[in-house]
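Hi,

Here is the structure I promised to hand over. Have a look at it first, and then read my notes below.

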Amino acid sequence: MTRILIALLALGFAGAAQAQGRPQSPARSCEANRQSVIANGAIVLGTGGHTYDRFVRDRSFCQFDETVFPAWVPARDTPQCFVGYRCKSASPWDD
């Protein structure tokens with residue numbers, strides 16, 4: 001019985017997902033942040049402290065009722081780095 005319990009625990013720990021940390025824009029260069037958005041199409045970047053947002057390469061990564069707005073983040077080498085866009089609701093009633 002103990003062997004079965006140990007085997008189940010070992011399998012449970014082996015299959016547990018590891019949490020991935022999100023890249024922090026202030027710790028990276030502007031170009032690295034921009035290239036991450038371009039390469040992935042959409043990415044969540046930490047923007048300092050406990051704040052974060054989702055940035056996209058173009059509107060195709062937004063929902064059908066959303067539009068894009070330019071997005072700037074702080075970077076290691078510049079206080080305002082254009083990384084791509086944020087998806088926002090296009091409806092004036094959702095503001």
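The torsion about the S-S bond of Cys62 and Cys87 is about -80°, so this disulfide is left-handed. By disulfide I mean a pair of cysteine sulfur atoms within 2.5 Å. In this one, the two sulfurs sit 1.9 Å apart. Cys62 is in the loop between strand 2 (51-56) and strand 3 (66-73) while Cys87 belongs to strand 4, so the bond ties together parts that are 25 residues apart in sequence. Both Cys62 and Cys87 are buried, where buried means under 20% relative accessible area, exposed means over 50%, and partly exposed is in between (1.4 Å probe, protein chains only).

Before you read on, please keep in mind that this is a predicted model: local features need pLDDT of at least 70, side-chain atom pairs count only at pLDDT 80 or more, and totals for chains, interfaces and linings use all residues. Residues are numbered from 1 along each chain as its sequence is written, and side-chain values use heavy atoms, with hydrogens and water left out.

How many disulfides does the structure hold? There are two. The other pair is Cys30 and Cys81, again with 1.9 Å between the sulfur atoms. Its torsion about the S-S bond is about 80°, so that disulfide is right-handed. Cys30 lies in helix 2 (residues 30-40) and Cys81 in strand 4 (residues 81-89), so to speak distant parts of the chain, 51 residues apart. Cys30 and Cys81 are buried too. If you number the bonded cysteines in sequence order, the pairing reads 1-3, 2-4.

Now the overall layout. The protein chain has two helices and four strands, in the order α-α-β-β-β-β along the sequence. Helices (H or I, at least four residues) and strands (E, at least two) are DSSP runs, numbered from the N terminus.

Which residues of helix 2 are buried? They are Cys30, Asn33, Ser36 and Val37. These cover an arc of only 135° around the axis, which puts them on the same side of helix 2; the arc is that of the directions from the helix axis to the C-beta atoms. Their cover includes strand 1 (42-48), strand 2, strand 3 and strand 4.

Next, the inside. Nonpolar side chains tend to be buried together in soluble globular proteins. Here the largest nonpolar core has ten residues: Cys30, Val37, Ile43, Leu45, Phe55, Ala71, Val73, Ala75, Cys81 and Val83. Such a core is a set of buried Ala, Val, Leu, Ile, Met, Phe, Trp, Tyr and Cys residues joined through side-chain atoms within 4.5 Å. Helix 2, strand 1, strand 3 and strand 4 each give it two or more residues. Leaving aside residues up to four places away in sequence, Ala71 touches Phe55, Cys81, Phe82, Val83, Gly84, Tyr85 and Arg86, a contact being heavy atoms within 4.5 Å.

Strand 1 and strand 2 are worth a look as well. They pair in the antiparallel sense over six bridges; two strands count as paired if DSSP finds at least two bridges between them. Val44, for one, has Arg54 in strand 2 as its bridge partner. The two strands form a hairpin with two residues between them, and Gly49 in the turn has a positive phi of about 60°.

Finally, 24% of the 95 residues count as buried.

Cheers
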